[in-house]
Amino acid sequence: MTTECKQTSIDKALKEWEVVKLRDVILDIADGGTPSTKIEEYFNGDIPWVNIKDIKKDIYDTRRHLSELGLRNSSAKLWNEGTLIFSFGASIGKVGIARVKLCTKQGIAGIVLDLDKVDNEFLYYVLLKEAEKIKQIGKSMGSTIREVRPSKLKRLVVFPLPPLLEQRKIAQILSTVDLAIGKVDEVIAKTERLKKGLMQELLTKGIGHKEFKDTKIGKIPKEWQVVRLKDVAELESGGTPSRKKPEYWNGNIPWFRSGELNDDIIYNTEEKITELGLRNSSAKVFPRGTLLMALYGRGTVSKTAILGIDATTNQAIGAITPIDSSFDARFMQYYLIFSRNKLLNQLVYPSSDVGRTNIYLGSLKLFKIALSSLQEQQKIAEILSAVDKKLELEKREKAKLEKIKRALMDLLLTGKVRVKVTD
C-alpha cells in the first residue's frame with residue numbers, strides 16, 4: 001500500500017465525501033453513572049470507572065474501580081473495548097478510546113460506533129477537533145450547568161466522512177504525531193522528577209557538606225542558618241489604581257496581577273498604568289530582579305515570580321527584597337517553591353470571601369527558612385536554573401508538535417489536503 005497527499009479544495013472534498021452527523025455513524029450513546037458512595041461494596045472492584053482525570057487518548061485503566069454490585073446498582077453502563085469516551089458535563093470536550101471494558105461516571109458518555117461506517121481513531125480526532133465548538137455551545141445553553149447532553153451531541157456534531165481506508169490513513173498520520181508528543185511528555189516527566197530530586201537534595205543538604213545539625217525546620221548543614229524572612233528581606237505589597245479613573249490606566253508602567261505569576265521569570269503584563277495612577281494609589285515600582293509571591297486567590301496563592309523588568313503589582317502580590325544582599329532571588333524562589341506545602345499549611349487562612357485563601361504579609365515575614373552563604377545559594381540556583389532551561393526547551397518542542405498536530409487536523413479532517421490510498 002502506498003500513500004501520498006495532495007492539495008485539494010474543501011468544496012471538492014465535500015463533494016467526494018459524505019457530510020454526516022454523529023448520529024449517522026454510531027449505534028449507541030449514553031451517559032454514565034455513580035453508585036452511592038456511602039456503600040463501600042460498590043467500589044474497589046475490577047471494573048475501571050472513568051472520571052475526568054482518567055480521560056486520555058488510550059484508556060487502559062482508571063484511578064477508581066467499581067464492583068459488579070456497584071455497576072448493577074447505578075446508571076453506569078459497561079462499555080466494550082473500542083468505545084469512544086466523551087465528557088459533556090462540567091469539563092466539556094475531553095475524548096478518549098476505551099482499550100478495555102469499562103464504565104463512566106455521569107457527565108461522561110460512551111459512544112458505540114458503526115465500524116462499517118467509521119473508524120474509531122478517525123472519529124476520536126474529529127471529536128477532538130470539534131471539542132472547542134462543543135464547549136462554546138455548552139456555554140451558550142443558558143443554564144448554570146454547562147453541558148451538551150448526548151441527545152444533542154449526536155445531532156450537533158457534523159463532519160465530512162471520507163471512505164474507511166482514507167479515514168484509517170488520516171488517523172495513522174495523526175497518531176504518529178501523537179506518538180511523538182507522548183515521547184516528549186516522557187522526557188518532560190523524567191526531567192521534572194530530576195528537578196524534584198535535585199531540589200530535595202540541594203535545598204536541604206547543600207553542596208559538599210559533611211556535618212549537619214537538627215533545627216526546628218529539620219536537619220540542615222552545620223554552616224547554614226535558620227532565619228525568619230523578615231530578618232533578611234523587606235516585604236511589601238502593591239496596589240491597584242481606581243478602575244473608575246480611565247486616566248490611571250493604559251499607560252507605560254507594567255502592572256502585574258497575581259494570576260500572572262508563573263514560578264519563573266516574568267517580563268510581560270496584560271495591563272499597564274499611568275504615572276497619575278501610580279501617584280494616586282498604593283502601587284509602587286519594584287526593580288527588575290525582585291521576587292514576588294501571590295498572597296491570595298485559590299489556585300494562585302503562594303505562586304512566585306521574579307521580575308524580568310521594573311514593574312508595579314496589585315495588592316494581592318507581596319514583593320520580597322533582600323536586605324544587604326542577604327540572599328539570591330532565584331535561590332529564594334526555588335526555596336519557597338520547595339517549601340510550598342509547609343508554607344500553605346502554616347500560613348494560609350480562609351478569608352471572608354468564600355472560595356479564596358490568604359497569606360497575610362505579617363505571617364509571611366515570620367516564615368522560617370534555612371539560608372546558606374550567598375555563594376552557595378548562587379551555585380544551587382545555577383544548577384536548578386539549568387534544569388529549568390532544559391524543561392523549557394522540552395516544553396517548546398511539545399508545543400511545536402501540538403501546533404503541527406492542530407494544523408494537520410485542520411488539513412486532513414476537512415479534506416483541504418487529501419490522503420491518497422492505493423493497494
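# Exercises on a predicted model

Strand β16 (residues 249-256) is largely enclosed by the rest of the structure, because 6 of its 8 residues are buried. The model is predicted. Its protein chain holds 11 helices and 26 strands, and 47% of the 423 residues count as buried. The C-alpha trace spans about 75 × 55 × 45 Å along its principal axes.

## Exercise 1: strand β16

Task: Find which strands pair with β16, and in what sense.

Solution. 
- Step 1. Strand β18 (residues 271-273) pairs with β16 over 4 bridges, in the antiparallel sense. Here the bridge partner of tryptophan 255 is glutamate 271 in β18.
- Step 2. Strand β21 (residues 312-313) pairs with β16 in the parallel sense, over 2 bridges. Threonine 312 in β21 stands opposite tryptophan 255.
- Step 3. Tryptophan 255 therefore has glutamate 271 as its bridge partner in β18 and stands opposite threonine 312 in β21, within a strand that is largely enclosed because 6 of its 8 residues are buried.

Task: Is asparagine 250 buried or exposed?

Solution. 
- Step 1. Asparagine 250 lies in strand β16.
- Step 2. The relative accessible area of asparagine 250 is 73%. The cut-off for exposed is over 50%, so asparagine 250 is exposed.
- Step 3. Asparagine 250 has a phi near 65°, a positive value in a residue other than glycine.
- Step 4. Asparagine 44, in strand β4 (residues 43-50), also has a phi near 65°. Asparagine 44 is exposed, with a relative accessible area of 73%.

## Exercise 2: helices α5 and α8

Task: What are the crossing angle and the axis distance of helices α5 and α8?

Solution. 
- Step 1. Two packed helices are described by the angle between their axes and the distance between the axes.
- Step 2. The axes of helix α5 (residues 164-205) and helix α8 (residues 329-338) cross at roughly 110° and come within 11 Å.
- Step 3. This makes α5 roughly perpendicular to α8, since angles of 65 to 115 degrees count as such.
- Step 4. On the α5 side, Lys195, Met199, Gln200, Leu203 and Thr204 take part; on the α8 side they meet Phe331, Tyr334, Tyr335, Ile337 and Phe338.
- Step 5. Sorted by class, the contact has 7 nonpolar, 2 polar and 1 charged residues.

Task: Compare lysine 183 with arginine 330 in accessibility.

Solution. 
- Step 1. Lysine 183 has its place in helix α5, and at 53% relative accessibility it counts as exposed.
- Step 2. Arginine 330 has its place in helix α8, and with a relative accessible area of 13% it is buried.
- Step 3. Leaving out residues up to four places away in sequence, arginine 330 touches Asp263, Asp264, Ile265, Ile306, Ala381, Ser385 and Asp388.
- Step 4. Lysine 183 and lysine 398 are 215 residues apart in sequence, but their C-alpha atoms are 9.3 Å apart in space.
- Step 5. For the protein chain, residues 24 or more positions apart account for 72% of the contacts with a separation of 6 or more.

## Exercise 3: the two faces of helix α9

Task: Which residues of helix α9 (residues 340-347) are buried, and which exposed residues lie on the face turned away from them?

Solution. 
- Step 1. Arg340, Leu343 and Leu347 are the buried residues of α9.
- Step 2. They cover an arc of only 65° around the axis, which puts them on the same side of α9.
- Step 3. An α-helix has 3.6 residues a turn, so residues three or four places apart point the same way.
- Step 4. Asn341 and Asn345 are the exposed residues on the face of α9 turned away from its buried side.

Methods. Residues numbered from 1 in each chain as written. Predicted model: local features only at pLDDT ≥ 70, side-chain atom pairs only at ≥ 80, totals over all residues. Heavy atoms only, no water. Axes fitted to C-alpha atoms, helices over the stretch in contact; angles between N-to-C directions. Parallel < 35°, antiparallel > 145°, perpendicular 65-115°, else oblique. Contact = heavy atoms within 4.5 Å. Nonpolar A, V, L, I, M, F, W, Y, C, P; charged D, E, K, R; others polar. Buried < 20%, exposed > 50% of the residue type's maximum accessible area, 1.4 Å probe, protein only. Arc of directions from axis to C-beta. Pairing = 2+ DSSP bridges.
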